[in-house]
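Welcome! Keep the 3D view open beside this briefing and find each part as you read about it.

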Amino acid sequence: MNNKKRIMHVDMDAFFASIEQRDQPILKGKPVIIGGARGGRGVVSTCSYEARNYGVKSAMPIALAVKKCPRGIFIRPNGEKYVYTSIKVIEILQGYSSKVEPISIDEAYLDITGTAKDPDGEREIGNSLKREIKKKLGLTCSVGIASNRIFAKIAANMEKPDGLTIIGEDAVKLKIYTLPISELVGVGEKTEKILRNMGIKTIGDLAVYPQNELKRVFGANGEALSKIAKGEGSDRVLSIGEKEDAKSIGNEHTLDRDTSNENIINMLLLRLSGKVGRRLRESGVAGRTVAVKLRYGDFSTFSKRKTYPFFIWNDNVIYSISKELFYTIYKRFNKIRLIGITVSGLSKHCHNDNDSEIQTELFTGLQKIQKSEKLIKTIDILKDVYGEKVVKRAAYLNVF
Ligand code: TTP
Ligand code: MG
């Protein structure tokens, strides 16, 4: 009838916390908080839904979690057990499709095109997968099925925990298009504000908004926004081992021995920046977004990204940005197991000396103006509305 893909998104519920509740039944129904020790400087990796009722969240400092939930049961993470369980989940998922793409320790996409003939059939598949995970691993997960990855992920989150949401063709308008734009990946606070001022409040408003208008306001990002709202261009699932066409270039390194030594950390950031920079130049590309990933010895993982108004490929610039991002998430004295740096939002780029100078100038310029909050806010608004060009032009005029 049609050749539309059907994509499933699976996300385990309160993954680390549920594993601990499974293994120590006395913890069932209790507010369990996985992360640093009580009284320590660590952060919350995740927590059970009972703890979420008290306002505890991932990445929250432990001290604040204790305040919000004094009766919480604080447990140090057991990384190896979580990785082992994650592999077992993937093994089960592979029984449902040959295309299973894990995207984090507890999430994966499956291409299930052609395995069911209607939403009822898909419900059966989803339920049987959930039953198998429950029976073999004693854990619950939430499943979303839709015609693309973006909608499938939104669907999986709709009825969490232990949910199953199918978005058939008819349900897109009813269940997806009615949601606020903030539900979309890629729509941050600033973009949301501009869209709202344009009268765009829901995903549906954005999906039907003329692309040309969006382009005029957001530049190239306008087209991307329109596509995200329609779920376009996100229906490919890679099987394990298959490589994506480079949409980002990154490197990560696992240390031989976990460390909190800042000299070693800085050396590693420098080395990774050099590697990423070289690969960007080899591929003839540059990117506007830099992301840093950090994994502690207990496998809890955190990341931070930032998008700039100019294209980045220079090792020193990558290093400075990575270092800044790293120290916004790193809790000092905690031992680190892995660091990764990725540059994304890639575009073809010619890497000549002239451009290198402009890039360095822009970067140091931007750093300088960060001191002046009022000015940076103005520039941010300009960047949002007119894209990078306005900032480049301003740089030539020595505004920075
Ligand atoms: P999530 O799927 O984001 O969270 P969750 O599975 O605990 O809860 P939910 O039911 O909302 O899906 O992340 C999966 C695991 O990854 C989580 O159990 C702990 C770990 N994690 C971190 O280590 N750091 C983080 O910042 C987050 C968000 C998760
Ligand atoms: Mg999860």
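Two strands count as paired if DSSP finds at least two bridges between them. With that in hand, look at strand 1 (residues 7-12) and strand 7: they pair in the antiparallel sense over six bridges. Please keep in mind that this is a predicted model.

**The whole chain**

- The protein chain has 16 helices and 12 strands.
- Of its 400 residues, 46% count as buried.
- Among the contacts in the chain with a separation of 6 or more, 65% are between residues 24 or more positions apart.

- In what order do the five strands of the open sheet run? The order is 5-6-1-7-8, and the pairing is mixed.
- Strand 5 (100-104) and strand 8 stand at the edges with a single partner strand each, so one side of each has no neighbour in the sheet.
- On average, neighbouring strands of this sheet are turned by 15 degrees against each other, if direction is ignored.
- As a reminder, strands of a sheet pair through backbone hydrogen bonds, and they may do so in a parallel or an antiparallel way.

**Strand 7 and its two partners**

- Strand 7 covers residues 141-146, and six of its six residues are buried.
- In general, side chains of a regular strand alternate between the two faces of the sheet.
- Which residues of strand 7 lie on each side? Cys 141, Val 143 and Ile 145 are on one side, while Ser 142, Gly 144 and Ala 146 are on the other, and both faces are covered.
- With strand 8 (residues 164-166), strand 7 pairs in the parallel sense over three bridges. Here Val 143 stands opposite Leu 164.

**Helix 4 against helix 5**

- Helix 4 (residues 79-93) and helix 5 (residues 119-137) pack with their axes 10 Å apart, at an angle of about 140 degrees. Because of that angle, helix 4 is oblique to helix 5.
- Helix 4 passes helix 5 in a right-handed crossing.
- On the helix 4 side, the contact is made by Thr 85, Lys 88, Val 89, Ile 92 and Leu 93. Helix 5 brings Leu 129, Glu 132, Ile 133, Lys 136 and Leu 137.
- Sorted by class, this contact has six nonpolar, one polar and three charged residues.

**A closer look at Ser 344**

- Ser 344 lies in strand 12 (residues 336-348).
- Why does Ser 344 count as buried? Its relative accessibility is 15%, and buried means under 20%.
- Leaving aside neighbours within four places in sequence, Ser 344 is in contact with Lys 247, Ser 248, Gly 287, Arg 288, Thr 289 and Arg 305.

Terms used:
Residues numbered from 1 in each chain as written. Chains lettered and ligands numbered in written order. Predicted model: local features only at pLDDT ≥ 70, side-chain atom pairs only at ≥ 80, totals over all residues. Heavy atoms only, no water. Axes fitted to C-alpha atoms, helices over the stretch in contact; angles between N-to-C directions. Helix = DSSP H or I, 4+ residues; strand = E, 2+ residues; numbered from the N terminus. Parallel < 35°, antiparallel > 145°, perpendicular 65-115°, else oblique. Left-handed = near helix turned anticlockwise from the far one by under 90°. Contact = heavy atoms within 4.5 Å. Nonpolar A, V, L, I, M, F, W, Y, C, P; charged D, E, K, R; others polar. Buried < 20%, exposed > 50% of the residue type's maximum accessible area, 1.4 Å probe, protein only.
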